[in-house]
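Dear colleague,

Please find the structure below, handed over for your use. The notes after it set out the side-chain contacts found in it.

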Amino acid sequence: MKIIVPMAGRGSRLRPHTLTVPKPLIPIAGKPIVHRLVEDIAGVINQDIEEIAFIIHRDFGKQVEVELVEIAEKLGAKGTIYYQEQPLGTAHAIMSAKESMTGPIVVAYADTLFRADFTLDTEADSVIWVKQVDDPSAFGVVQLNGQNQIVDFVEKPKEFVSDLAIIGIYYFKSGETLRNELQYLLDNNVVKGGEYQLTDGLENMKEKGLKFVPGKVDEWMDCGNKNVTVETNTRMLGFLHNDGEHLVDYDVKTENSTIIPPCYIGKDVILINATVGPNVSLGKGCHVINSTIKNSLIQTHSHIKNASLDNAMIGNHASFDGNFTSISIGDYSVLE
């Protein structure tokens, strides 16, 4: 099994955090989004992962490439880096990794997380991960027949046809089949809005009689902007806490401080006269002094004092001193 991960751009909706770190590498509960994503996919497919192919922009830099390869290697897989030279749509991005599209593959966009307990139907030609939603008009949805097979893809339906939203993760029994269909789009300039779309390839495959079935996830978490990323961090901390995962490093130094779970607290964190939690992630090397923090995501090596933070997101190596609350400051920022 191979996993293809289009990572798109840095993510303008999550600035200033993505000015220095691509969105898929922002940590959720102490682990980069893309790392959690591929781990969760591995848990669902329950098969050995041969390769993880990451599709990135060249300006991500060599250090990011090293980190991505390390993520793959931690799962026992080969890590491969591909570049999408121009942002020409989902099908174009996936085809940037066409050399890796052989055998069974999973395609997963790197700005979403999920929790699921379904068994992958490896006999189907394709499994599309979906989540039941309250407002399907905001999403692309799948329509099913009586045999639980997907018979139609509908983008943002104005009238109700289904409440099963596509979350951006797909299994294909044959990577070669998908590659051929997407190559057809590129060769024949089949575009919508100036872009080559994966859904056009899926539609062609369905019309040829290939069997598509849904894989229904229990939870779907977005990392699109600051507020939803903080919310996703909160939800993930809750799941991990309930799973019994140890989230607070054993070497955290505390003085007159309280930790209210669930929290993730990394190595070399110092808490002095602080109350941290619930629902807080503190990356390694952070110092928190004379402060209260809840429902917040703080990355690494940041220093926070005299603060009362709620629904805050702070980057790496930042310094914050003040009475602000719902803030969002990026790497190496100073707010005093």
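A residue is called buried if its relative accessible area is under 20%, exposed if over 50%, and partly exposed in between, with a 1.4 Å probe and protein chains only. By this criterion Lys 206 is buried, at 14% relative accessibility, whereas Glu 207 is exposed, at 58%.

This is a predicted model, in which local features need pLDDT of at least 70 and side-chain atom pairs count only at pLDDT 80 or more, while totals for chains, interfaces and linings use all residues. Residues are numbered from 1 along each chain as its sequence is written, and side-chain values use heavy atoms, with hydrogens and water left out.

Salt bridges

Lys 206 and Glu 207 are joined through their side chains by a salt bridge of 3.4 Å, N to O; the term denotes a side-chain nitrogen of Lys or Arg within 4 Å of a carboxyl oxygen of Asp or Glu. Together with Glu 203, these two residues are linked in a network of salt bridges. The structure holds 13 salt bridges. Another of them connects Arg 115 with Asp 243, with 2.6 Å between the closest N and O atoms. This pair links distant parts of the chain, 128 residues apart: Arg 115 is in strand 7, and Asp 243 is in the loop between helix 6 (226-242) and strand 14 (253-255). Helices (H or I, at least four residues) and strands (E, at least two) are DSSP runs, numbered from the N terminus. Arg 115 is partly exposed, at 21% relative accessibility. Lys 31 and Glu 39 also form a salt bridge (3.2 Å, N to O), and Glu 39 is partly exposed at 28%.

Aromatic contacts

Six aromatic pairs were found in a search of the whole structure. Rings of Phe, Tyr and Trp (its six-membered ring) pair if their centres lie within 6.5 Å; planes under 30 degrees apart count as stacked, over 60 as edge-to-face and the rest as tilted. Tyr 109 and Tyr 170 are edge-to-face, because their ring centres are 6.5 Å apart and their planes stand at 85 degrees. Tyr 109 lies in the loop between strand 6 (105-108) and strand 7 (112-115) and Tyr 170 in strand 11 (residues 164-172), so the pair ties together parts 61 residues apart in sequence. Tyr 109 is buried at 17%, as is Tyr 170 at 6%. Tyr 170 also pairs with Phe 172 in a stacked arrangement, 6.3 Å centre to centre with 20 degrees between the planes. Tyr 109, Tyr 170 and Phe 172 form one aromatic cluster.

Kind regards
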